[in-house]
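Please examine the sequence and the structure shown below.

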Amino acid sequence: MSGDDPTATAAPVAIVGAGPAGLAAAALLADHGVRPLLIDEAPRPGGQILRQPPRETTVERWLPGPLYRAPKAALRAVEDRADIAWLGGATVLGIDPPDPLAGRDGFELWVDTGARGHRLIAAERVLLATGAYELPVAFPGWTLPGVMGAGALQTVLKSQQILPGNRLVFAGSHPLQLVVADQALDAGAEVALVAFSQSRPAVLAAAARSLRHLGRHWPKVWTPARILARLAARGVAVRFNTVVAEAHGSHSVTAATLAGLDRAGGRAPDMTADRRARVACDTLALCYGFLAGTELARATGAAWTWDLDAGGWLVAHDGAFRSSVPGLYAAGEATGVDGADAALAKGRLAARAILADRGWATSDSTDAARRRDARALARALAFARDLRRFARPPHRALDRITGADTLVCRCEAITRAGVEAGRQPPLALADMNAVKRATRVGMGACQGRLCGAILARLARPGTGGGQPPRPFTARMPVKPASIAAVAALAEHADAADDDRGDQTDDG
Ligand SMILES: Cc1cc2nc3c(=O)[nH]c(=O)nc-3n(C[C@H](O)[C@H](O)[C@H](O)COP(=O)(O)OP(=O)(O)OC[C@H]3O[C@@H](n4cnc5c(N)ncnc54)[C@H](O)[C@@H]3O)c2cc1C
């Protein structure tokens, strides 16, 4: 890609997110003569699945295995191209949609490039491929250092080749925790326990069901089975029907309590002594699923849908990945947490929609290519649906482990009792933004990205289903930012408004 462009201020198409979806879209746009600007807050492209180590570092056997083949191929397909502009280490904090009344014809992205300054980037069209992050779970001790997402642990391992601890406990419902446990073992960690909330028969049934995907998705079917066998051979305990209940420690985590789920319905954590285990560890890694990163899309007023098991609030689209805001597209996990293969296909389909909207003539061969991408997406979604059914978080148990004095909003130090106290109407009926105004929950540095999902679950115990909870209103800055960055960007925006005003006056 053409350098790390410190001067980029305009692009025909800006792509936010250089994971599989963004990479696939960038390659296809460039193939058709459109030079996209690919922006990512990570210093190097690749997204969550690859999280490349720094350029100066050589890593032997970097992410070996068939799971990583397709995303690596997508990365290789763009890395050396001069017709794709790249801006790494750049966080998009906000986005203004076109506004003819204000003289703004295209989108304006508010970009924080840290020490390299802050800038507005104008783009005719924007593709949001912002991925997903890990579903937060609130329980006593969850804010202790050493308690983290399994994906976060993996990110440190992949990008820095660092193990955050020596003795690890994993708890979750998603098979990604097996992959991370295996990678941690290879890196020299001791894995004390891997706990699944599903029962052993449920795991076996899912394994049997997954065999029908063996032909097309064999690495994803075969990898968990292979890892389970490896864990058994290395003496790692794997427990089923078990959920995290508490993290212990004064300055950092020193042990975790895991509780059995009741045998009747597998729903409530059973804290009786014979169903509870306290395991010493210095890292507790959680893996209960993912939340789609849709703040930027929602900040433009784009329509959203709600499906907790598919990633919570998702960007709504027309099937070709056009959002409800003209000129704004979304692809990858932001439209549903469906895995890397689906993200690649969604990225290509979104790029095709952009090309069509820019007047690129279709032909038999482009139609055939679009149909191929649509078929690839359908195949990936068939696997994703089965995985989602299997990996469904134990919502009711997760509701129960959030005690009255458990922190719900760690930024503003607000407990569950603090959120629920005196709410009229009760929390289950309340608008999340009203709860925010009354209690400050969601007003801290994370801007509700963590506590928003916890609150949605508490407001609708058990499923998060029923009426979709309205998310916190998304606003600039959608990610933690320094006051200096926000102030500098606001100044740039004022100057741009003045320029447009002058041009209108001259005209
Ligand atoms: C922590 C984690 C670890 C994972 N590990 C694996 C694994 O080992 N194996 C596997 O098969 N799947 C893994 N997955 C799932 C896999 O990453 C996804 O299925 C796939 O990468 C989705 O691709 P995507 O392009 O939609 O998003 P992503 O790959 O998530 O890429 C989104 C990109 O957008 C960037 N971004 C987001 N917001 C902004 C912003 N405001 N400004 C600038 N940049 C922004 C992010 O930095 C990120 O690079 C993991 C997911 C997560 C969250």
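This is a predicted model: local features need pLDDT of at least 70, side-chain atom pairs count only at pLDDT 80 or more; totals for chains, interfaces and linings use all residues.

**A strand and its surroundings**

Strand β9 (residues 167-172), helix α5 (residues 176-186) and strand β10 together form a right-handed β-α-β unit. Of the seven residues of β10 (residues 190-196), six are buried, so the strand is largely enclosed by the rest of the structure.

Attention now turns to strand β4 (residues 91-96), in which T91 is found. T91 has a relative accessible area of 15% and counts as buried because this value is under 20%. When neighbours within four places in sequence are left aside, T91 is in contact with E41, W110, V111, D112 and K479.

Most residues other than glycine have a negative phi, and most peptide bonds are trans. F321, however, has a positive phi of about 75 degrees although it is not a glycine. F321 lies in the loop between β19 (312-315) and β20 (328-330) and is buried, with a relative accessible area of 2%. R440 is not a glycine either, and has a positive phi of about 75 degrees. R440 is placed in the loop between α13 (432-439) and α14; with 43% relative accessibility, R440 is partly exposed.

Finally, the peptide bond from M476 to P477 is cis, with omega near -5 degrees. P477 is located in the loop between α14 (451-459) and α15 (483-506).

How values were computed. Residues are numbered from 1 along each chain as its sequence is written. Side-chain values use heavy atoms; hydrogens and water are left out. Buried means under 20% relative accessible area, exposed over 50%, partly exposed in between (1.4 Å probe, protein chains only). Helices (H or I, at least four residues) and strands (E, at least two) are DSSP runs, numbered from the N terminus. A crossover is right-handed if, with the strands pointing away from the viewer, the path from the first strand over the helix to the second runs clockwise. Contact means heavy atoms within 4.5 Å.
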